[in-house]
Amino acid sequence: MGTASQAGTLNAKVSTPDGKPLAMAVVTAIPVGAAPAVAKPGSKAVMVQASKQFMPFVLPVQMGTTVEFPNRDPFRHQVYSFSPAKTFELKLYGSAESGTVTFDKEGVVPLGCNIHDNMLAYIYVVGTPYFAVTADAGENKIADLPAGRYTVNVWHPNQKAGQGQAGVVQIAASGEATVTVQMELKRNRGQRKPGAVDENEY
Amino acid sequence: MFRSFRHFQARLILFFGMLFVVVSAVTFLLVQNAIQRNIFEQARVQLSATNEIFNRRLAETADQLAGGAALLASDFGFRQAVASDDRATILSTLHNLASRISADRVMLVSLEAEVVADTTYAESAGPAAERPFQFADMIDTAEETGRATATTVLDDRIYELVMVPVKAPLTIGWIVIGVESGNAFVGELQRVTTVPVEITFAFQGPDGTWNAPATTLSAPLKDVLLGSLRNSGAYMAGPALMTMGSSDYVTLLAAPLTAPLNATKVHIVLQYSLDVALQPYRPLFLLLITLAGAALVFSLGGAVFIARSVTAPIRRLDDAARRIQAGRYGEKIPVTQHDELGTLSETFNQMMAGIAEREDRIAFQARHDSLSGLPNRISFEGHVADMIIARQNTQKVFSVILLQIGRFSELINTLGHDTGDQLVRKIGKTLRQIVPQPNAVARHGSNMFALALDTDDAVAVNLVVERVLALFDKAVSVAGFSIDVTAYLGEARFPEHGTTARTLMQHADTAIYEAKQLNRFYALYDPQLDPHRPERLSMMGELREGLDKGQFTFFYQPKVDLSTETVTTVEALIRWIHPERGFMPTDQFIPLAEQTGNIRRLTAWALAAAVKQSRAWADKGINVKIAVNLSAHDLSNRHLPAEIANLLTAYDVSPGRIILEITESAVMQNPSQAQEILRTLNGMGLTLSIDDYGIGYSSLAYIKSLPVQEIKIDKSFVLKLADSRGDQILVKSTIELGHNLGLRVTAEGIEDRASLDILQNLGADTGQGYFINRPMSVADFETFFTTSRWSPHFGGRGITGVVAATGG
């Protein structure tokens with residue numbers, strides 16, 4: 001996003017308090033003092049439905065981004081969300097069909113499928129262009145950060161409330177900063193692990 | 001006795017009966033106890049199982065409810081309504097769900113644990129105000145596990161509650177579905193149980209009281225149960241027996257159903273009626289009771305049988321003892337048993353036989369003489385009585401003969417008892433040989449035998465009499481002795497001499513007396529000679545009357561001094577002139593008077609009369625002594641000397657003027673006493689004379705020892721003195737001997753001059769007899785005394801006689 005000579009890198013490491021790397025955590029860096037920023041027009045993202053799963057499980061987008069919901073299954077899905085950030089319903093679109101929804105408000109939008117109760121995914125709408133999702137190792141890297149001060153937040157769908165403020169970091173030009181965040185999760189038995197397949201479903 | 005048998009029987013029956021009842025009761029109780037314990041255990045198992053079933057059933061219900069709830073929770077419209085907080089729609093949807101899945105109550109609880117919709121409120125009423133949901137921990141459970149189930153009390157009703165989340169797709173609220181556990185519910189539960197169980201859902205309110213909104217019990221029983229639970233329910237660890245109404249229930253207060261924290265806990269109370277449980281055992285109990293009853297009857301029957309088997313033989317023994325008492329030994333006791341009673345019965349039989357044998361022996365001894373073995377007098381009387389009875393119609397003649405052995409006591413005294421016994425045995429044996437008919441010969445007394453001759457043939461009787469008498473013709477040889485035995489026989493004949501055994505034997509006895517009187521050895525009874533004849537007895541009354549009325553007088557027979565031929569003495573002879581019968585011979589009443597004791601009166605009269613006459617004659621100058629006869633009985637009268645002395649004093653008569661004449665047999669009857677009395681009389685100066693001398697057994701030597709002055713030779717020696725040379729010798733020697741002993745000798749029965757001369761020649765002192773004169777009245781004698789040739793007034797010879805008389 002900025003020039004290479006000016007850009008810095010933020011490394012984040014997210015784990016549970018007992019040291020397990022935490023994947024699927026969204027790390028955002030918001031320039032200190034900056035108002036929420038809307039994405040450039042035409043920004044797009046994709047939330048695929050395949051094998052009765054949303055892919056990816058967590059999709060962070062900047063405000064104003066239009067997300068496409070392509071159906072790769074041979075049967076229908078009916079994607080909805082009753083979240084205050086974005087309430088919508090994409091009805092009865094079949095295989096190879098696709099619908100689009102533009103998310104214009106910051107917040108968490110849990111996605112469900114009216115047909116398949118177990119399908120769940122989150123679209124995390126943020127007001128900054130700087131964000132990244134941790135990989136399985138619980139690490140991610142936000143590159144091309146202009147030098148400056150950033151408020152760093154971490155969000156995870158299963159997190160216990162009152163967490164996620166990682167603090168403010170100074171990013172030097174061509175410099176690198178690393179934040180390490182520990183995040184406590186809700187006990188999660190009722191909900192399916194991301195990526196697990198319900199064999200009895202079909 | 002009989003009563004005590006019954007007591008024994010009753011005791012035995014009582015014992016067996018009670019024993020059986022006790023054993024039966026114990027058995028019954030043990031069986032019942034075992035069955036009850038078994039049932040209790042079964043009930044416990046059943047109740048636990050039932051409780052499990054109910055819990056499963058509740059779980060199933062919860063699953064169903066959860067299914068329904070999940071369905072609703074996944075309904076897009078509902079989720080949309082919840083997400084958009086459209087409460088009217090939510091309530092409407094909840095009502096719809098309640099009716100669809102037959103839930104009693106459905107609520108929606110927000111994530112903030114507020115009840116935002118509740119089907120308790122009607123759709124039309126619109127959304128009610130939010131209320132906090134009481135059971136917060138249900139939410140935690142549902143959040144963690146996706147579902148929460150609880151049974152608890154809500155608004156005083158018991159609900160099974162299921163809570164599931166409403167997801168869109170994240171949880172946006174909670175649906176709570178409740179099924180009320182009411183009477184209908186427990187009724188339904190009861191129907192699915194395999195055993196009859198009373199089901200109650202009960203809970204304890206905050207105030208400690210128990211409530212049971214759901215129960216299969218009737219209202220009264222429910223109250224009883226709740227009361228019991230209040231008292232002990234909280235402490236009921238396991239199944240307990242609880243009495244409710246009229247029956248017992250095994251009661252299980254199950255562990256409380258799953259309930260939220262701090263919520264009212266609901267218990268299932270399961271009750272199993274023992275009555276119902278015991279129902280299958282009823283036939284068994286009935287059988288037991290029937291068996292016990294039958295066995296009781298049998299055991300009582302057995303007791304009766306055993307008692308009878310004891311008492312019946314004892315009764316038989318009792319009867320036998322009574323028979324023994326009554327003297328019947330013939331009937332034996334049947335010995336049917338081989339036990340102690342059988343042995344006792346045998347012993348009884350042996351005892352009866354022994355008693356019978358002994359009694360026979362005693363009876364034999366009672367009826368027989370032990371010495372001779374012959375029947376005794378009693379037996380003989382019975383035999384004769386039998387013979388008389390046998391002749392009641394025919395009156396056929398038979399004879400009873402008594403045999404008396406003369407001088408038997410002398411024989412025994414001389415020869416000893418052994419010899420006497422042998423003599424009796426020998427005579428008895430011989431008599432049996434002569435009269436062999438059974439019971440015909442008996443020993444009648446110590447010296448008597450009795451014969452019963454069953455014949456009316458006088459010749460045959462005489463033959464027997466002769467054969468018997470012939471036994472004693474010669475000396476009987478016994479124990480080396482040759483004994484001269486005299487036997488007297490007396491015979492009496494039925495029916496002529498008596499119609500009773502006693503009479504016949506008395507008369508046979510009298511016949512012996514008569515035989516002796518007649519100097520014979522045998523006599524047939526002669527009523528004329530019988531001193532016991534009734535008219536003789538009545539004569540004694542007349543005798544006493546005659547004495548009083550002066551019917552008695554003396555006749556006097558003179559006794560003449562043979563040397564001077566003058567009267568010196570008279571013998572006073574009693575004459576009884578009976579007013580009707582006239583003159584009574586002395587031998588008709590003197591022996592009778594002696595036998596009946598009247599002789600004393602007669603003697604008293606005679607002595608008084610003689611003394612008075614002596615006084616009278618003395619006054620008239622008639623100088624004769626008066627001789628009075630004394631009887632043997634008089635010599636046993638110790639008062640006799642005094643009586644005579646009184647008379648002599650009273651009439652002032654010299655004792656020398658009275659002579660007392662005694663027969664020698666009279667002295668012999670009681671020699672010592674007689675001698676004493678004689679000595680006294682002699683001492684008084686009275687002259688004593690032995691009368692009828694020569695026909696007795698006494699010797700002169702014996703008479704010499706007596707204080708007598710005179711003997712009178714019996715007239716039997718004098719009557720034919722002139723013609724009998726033998727008599728002359730006897731009289732001569734008697735006179736000589738008497739004189740030698742210093743005794744005067746008088747001869748009686750002088751009937752002719754020749755005899756008088758002989759006696760004079762022989763030196764007899766005095767004489768008496770018809771030749772001189774018969775007995776005379778007083779007047780005749782007085783004439784005789786003065787005018788006869790024997791009068792002392794004739795010549796000097798008479799003076800000598802007087803001198804002689806007074807000097808004697």
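In what order do the 3 strands of the open sheet in chain A stand?

A: Happy to! This is a predicted model, so local features need pLDDT of at least 70 and side-chain atom pairs count only at pLDDT 80 or more, while totals for chains, interfaces and linings use all residues, and side-chain values use heavy atoms without hydrogens or water. Residues are numbered from 1 along each chain as its sequence is written, with chains lettered from A and ligands numbered from 1 in written order.

The order is E3-E7-E10 in chain A, and the pairing is mixed. Strands (E) are DSSP runs of at least two residues, numbered from the N terminus, and two of them pair if DSSP finds at least two bridges between them. Strand E3 (44-46) and strand E10 (98-103) of chain A are at the edges with a single partner strand each, so one side of each has no neighbour in the sheet. On average, neighbouring strands here are turned by 25° against each other, direction ignored (axes are lines fitted to C-alpha atoms; angles run from 0 to 180 degrees between N-to-C directions). Strand E7 (residues 65-70) of chain A pairs with E3(A) in the parallel sense over 3 bridges, and A:Val67 in E7(A) is the bridge partner of A:Ala45.

For another pairing, look at chain B. There, E13 (residues 441-445) and E14 (residues 448-453) pair in the antiparallel sense over 4 bridges, forming a hairpin with 2 residues between them. Of the 5 residues of E13(B), 4 are buried (under 20% relative accessible area, with exposed over 50% and partly exposed in between; 1.4 Å probe, protein chains only).

Chain A also meets chain B. The contact (heavy atoms within 4.5 Å) takes 15 residues from chain A and 11 residues from chain B. About 1200 Å² is buried between the two chains, 56% of it from carbon and sulfur atoms; this is the accessible area (1.4 Å probe) that two parts lose on being put together, summed over both. On the chain B side, B:Phe76, B:Glu144 and B:Pro169 lose the most area to chain A, together 47% of what that side buries.

How confident is the predictor? Chain B averages a pLDDT (confidence in each residue, from 0 to 100) of 84, and 95% of its residues score at least 70. Residues 796-808 of chain B fall below 50, although this stretch has 26 contacts in the model beyond near neighbours in sequence.

Methods: pLDDT = per-residue confidence, 0-100.
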